[in-house]
Amino acid sequence: MNNTYTCFSAFYDLFMDNIDYVQWGEYLLSLLKEYDIRSGLVLELGCGTGNMTEFLAAKGYDMIGLDSSCDMLDAAMEKKSISGHNILYLNQDMREFELYGTVAAVVSICDSLNYITKYEELVTVFKLVNNYLDPKGLFIFDMNMEAKFKTINDAVIAENREEASFIWENTYYEAEHINEYELTIFARCDDEKYEKLTEIHYERAYSLEEIKAALQEAGMTFVASYNAFTRQPPDKNSERIYIVAQENGKQTA
């Protein structure tokens, strides 16, 4: 996980420009407000290049962005220098992150938690979230579901841009619930040459029952689950879902 988005970080925003971050942001904002988190300190796990961190900062939240990729955080810091938002960025692994105090809410979007491929490590992340939340603080996150990985299955996706091109070779291992994709990027170095960059990513498909069990094991209270960008409950065809959970006391060793 520490090597996730190493070479891709320089092109992440280029190839993700089809994502409507405003729509995602407004949906996340509506959930925060619905559960009465209207201000205060908010931590984003897996903040990447800081798109959502910047959005929530612009809405008045005091933001902390956390990511394991230095390269992604470099891009986030560039955005911060332009916006002037007072965002604290931390280069940490979400499986062992540390804060100086508690926060009103923790959020995580764009399937960042799917990259935690071991159930026991997912529980560890949830325990840390619970530990650093204010009493009854909120945890909102999304996850890709198995229906999405089955839809992609064994596929090759390619896209060509002026600055760079990529080939995405995807394989879903249903028995292990692991989705693997090899990402090859051809980046323009000058007018004549391209540099080839390759990295492999793994995501795990967790069932809603597994997510609920992990939250319970971490001492958190499951509040609600939604089909992405709606208030409808997820079903077997849901490709992305949102989970709302709440701090429920601190566990002692």
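## Report on a predicted single-chain model

The chain contains 7 helices and 11 strands. The model described here is predicted.

### Overall form

For 253 residues, a compact globule would have a radius of gyration near 18 Å, and the chain agrees with this, having 18 Å. Along the principal axes, the C-alpha atoms fill a box of roughly 60 × 45 × 35 Å. Of the 253 residues in the chain, 50% are buried.

Where the contacting residues are at least 6 apart in sequence, 66% of the contacts join residues at least 24 apart.

The surface may be considered next. The chain exposes about 12200 Å², and carbon and sulfur atoms supply 48% of this area. The chain carries 21 positive and 43 negative side chains. The centres of these two sets lie 5 Å apart.

### The nonpolar cores

Which residues touch the most other members of the largest nonpolar core? They are Leu113 and Phe139, in a core of 34 residues. Several elements give two or more residues to this core: the strands S1 (41-45), S2 (62-67), S4 (103-108), S5 (133-144) and S11 (240-246), together with the helices H5 (119-132) and H7 (208-217). The largest share, 7 residues, comes from H5.

The surroundings of phenylalanine 139 can be listed in detail. Leaving aside neighbours within four places in sequence, phenylalanine 139 is in contact with Val106, Leu113, Phe126, Val129, Leu133, Leu215, Met220, Ile243, Val244 and Ala245. Apart from this core lies another, of 32 residues, including Leu29, Leu31, Tyr61 and Met63.

### Selected residues

Is alanine 75 buried or exposed? Its relative accessible area is 18%; because buried means under 20%, alanine 75 counts as buried. Alanine 75 is found in helix H4, which covers residues 70-83. Lysine 33 is 42 residues away from alanine 75 along the chain, and the C-alpha atoms of the two are separated by 28 Å.

Glutamine 232 belongs to the loop between strand S10 (221-227) and S11. With a relative accessible area of 52%, glutamine 232 is exposed, since the term applies to values over 50%. Glutamine 232 and tyrosine 35 are 197 residues apart in sequence, while their C-alpha atoms are 16 Å apart in space. When neighbours within four places in sequence are left aside, glutamine 232 is in contact with Ser225, Tyr226 and Asn227.

Phi of asparagine 153 is near 50°, a positive value in a residue other than glycine. Asparagine 153 is placed between helix H6 (146-152) and strand S6 (155-160), and is partly exposed. For histidine 177, phi is near 60°, again a positive value in a residue other than glycine. Histidine 177 lies in the loop between strand S7 (164-173) and strand S8 (178-188), and also counts as partly exposed.

The table gives the accessibility of the residues discussed in this section.

| Residue | Relative accessible area | Class |
|---|---|---|
| Alanine 75 | 18% | buried |
| Glutamine 232 | 52% | exposed |
| Asparagine 153 | 34% | partly exposed |
| Histidine 177 | 30% | partly exposed |

Terms used: Residues numbered from 1 in each chain as written. Predicted model: local features only at pLDDT ≥ 70, side-chain atom pairs only at ≥ 80, totals over all residues. Heavy atoms only, no water. Helix = DSSP H or I, 4+ residues; strand = E, 2+ residues; numbered from the N terminus. Rg over C-alpha atoms; globule rule 2.2 N^0.38 Å. Buried < 20%, exposed > 50% of the residue type's maximum accessible area, 1.4 Å probe, protein only. Contact = heavy atoms within 4.5 Å. Areas by Shrake-Rupley, 256 points an atom, 1.4 Å probe, with all protein chains shown as cover. Lys, Arg positive; Asp, Glu negative; His and termini not counted. Charge placed at Lys NZ, Arg CZ, Asp CG, Glu CD. Core = buried A, V, L, I, M, F, W, Y, C linked by side-chain atoms within 4.5 Å.
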